[in-house]
Amino acid sequence: MNLIIMGPPGAGKGTQSEFLVRHYHLLHLSTGDLLRAEIQQKTELGLKAQSYSDQGKYVPDDLMNQVVASKLTKIKTNFILDGYPRTSDQVKFLETVLKKIKQKIDFVIYLEVSKEAVIKRLQTRLICPVCKTTYNTISSPPKVDNLCDNDQTPLIQRTDDSDQAKIITRLKTYQQSTQPLVAYFKKQGNLKLIDANQDQASVHEQLKKVIGTPKGTNND
Ligand code: AP5
Ligand code: MG
């Protein structure tokens with residue numbers, strides 16, 4: 001089983017992907033995480049991507065498509081795509097790649113959440129710069145204030161969460177370019193709508209219910 005998880009910034013795509021990876025034994029492919037790693041390593045791709053992501057804008061399609069194609073053509077397991085595709089051009093490109101590698105997307109998970117909730121979640125998100133674990137000072141705080149539970153590294157804010165104007169730009173970019181894809185996936189018949197305004201555990205439960213136990217999945 002292969003999945004796409006979509007939703008606005010802060011909807012919980014990364015958080016729910018971690019759960020889906022554990023529960024359904026999938027490989028997590030997050031384009032946001034991939035780009036942040038490239039930016040941290042100051043690679044050519046990272047330097048190109050940084051100027052876009054810092055402004056809350058999307059990285060150009062051709063760049064993003066290349067990155068995803070190079071990962072998907074090497075992949076040997078089932079996967080979850082987090083944050084890709086985000087534009088109609090990316091949807092078309094993905095369909096071509098999937099055909100080539102003889103894979104299909106079983107479900108598109110759409111996390112629906114209010115604008116107020118996502119703004120609050122992004123303003124209170126902290127991440128570990130070393131192991132990349134995500135926390136939230138309200139809903140999932142670390143055991144010791146401001147320190148990562150795994151390696152005790154001081155937690156930081158993502159640069160694109162650092163002010164409200166950036167968050168608003170990200171939400172606008174999402175509304176313009178990605179929200180329209182929901183109707184496309186709905187028409188295709190594999191869209192699963194999840195109420196992501198609820199707490200993390202309730203979202204997990206909804207996911208288990210809509211996905212069920214696909215054939216060949218040895219979940220716990
Ligand atoms: P990306 O990293 O994907 O950012 P995003 O889409 O803005 O989404 P986030 O990662 O901010 O949110 P999330 O939904 O994963 O939420 P999370 O689980 O962390 O992309 C970053 C940038 O890269 C883009 O802006 C763009 O520039 C570029 N990019 C990436 N992909 C691209 C593409 N395909 N094309 C072009 N450009 C691309 O949760 C958020 C917080 O809420 C956390 O603190 C969490 O603990 C908390 N939380 C989660 N669930 C709940 C809950 N149910 N209740 C309460 N709190 C919760
Ligand atoms: Mg994320």
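Me: Which residues sit on the face of α8 turned away from its buried side?
Reply: Lys186 and Lys187, both exposed. Exposed means over 50% relative accessible area, buried under 20%, partly exposed in between (1.4 Å probe, protein chains only). This is a predicted model: local features need pLDDT of at least 70, side-chain atom pairs count only at pLDDT 80 or more, and totals for chains, interfaces and linings use all residues. Residues are numbered from 1 along each chain as its sequence is written, chains are lettered from A and ligands numbered from 1 in the order in which they are written, and side-chain values use heavy atoms, with hydrogens and water left out.

Me: Which residues of helix α8 are buried?
Reply: Leu181, Val182 and Phe185, in a helix that spans residues 181-188. They cover an arc of only 105° around the axis, so they lie on the same side of α8. The arc is taken over the directions from the helix axis to the C-beta atoms. Helices (H or I, at least four residues) and strands (E, at least two) are DSSP runs, numbered from the N terminus.

Me: What do the buried residues of α8 pack against?
Reply: β1 (3-6), α5 (88-101), β4 (107-112), α7 (164-178) and β7 (191-195). Contact here means heavy atoms within 4.5 Å. Just after α8, Gly189 has a positive phi of about 90°.

Me: Why is Ser30 called buried?
Reply: Its relative accessible area is 7%, under the cut-off, so Ser30 counts as buried. Ser30 belongs to strand β2 (residues 27-30).

Me: What makes the pair of Ser30 and Asp33 a polar contact?
Reply: A polar atom of the Ser30 side chain lies 2.9 Å from the backbone nitrogen of Asp33. A polar contact is a pair of N or O atoms within 3.5 Å; within protein, one must be able to donate a hydrogen and the other to accept it, and residues adjacent in sequence count only if both atoms are side-chain atoms.

Me: How do you know that Thr124 counts as buried?
Reply: Its relative accessibility is 15%, so Thr124 is on the buried side of the cut-off. Thr124 lies in the loop between α6 and β5 (125-127). A polar atom of its side chain is 2.7 Å from the backbone oxygen of Lys120. Beyond neighbours within four places in sequence, Thr124 contacts Tyr135, Asn136, Thr137 and Ile138.

Me: Which polar side-chain atoms lie by an oxygen atom of ligand 1?
Reply: One of Thr15, at 2.5 Å, and one of Arg86, at 2.6 Å. The protein covers 95% of the 1,000 Å² of accessible area that ligand 1 has on its own. Such areas come from the Shrake-Rupley method with a 1.4 Å probe; for residues, only the protein chains shown count as cover.
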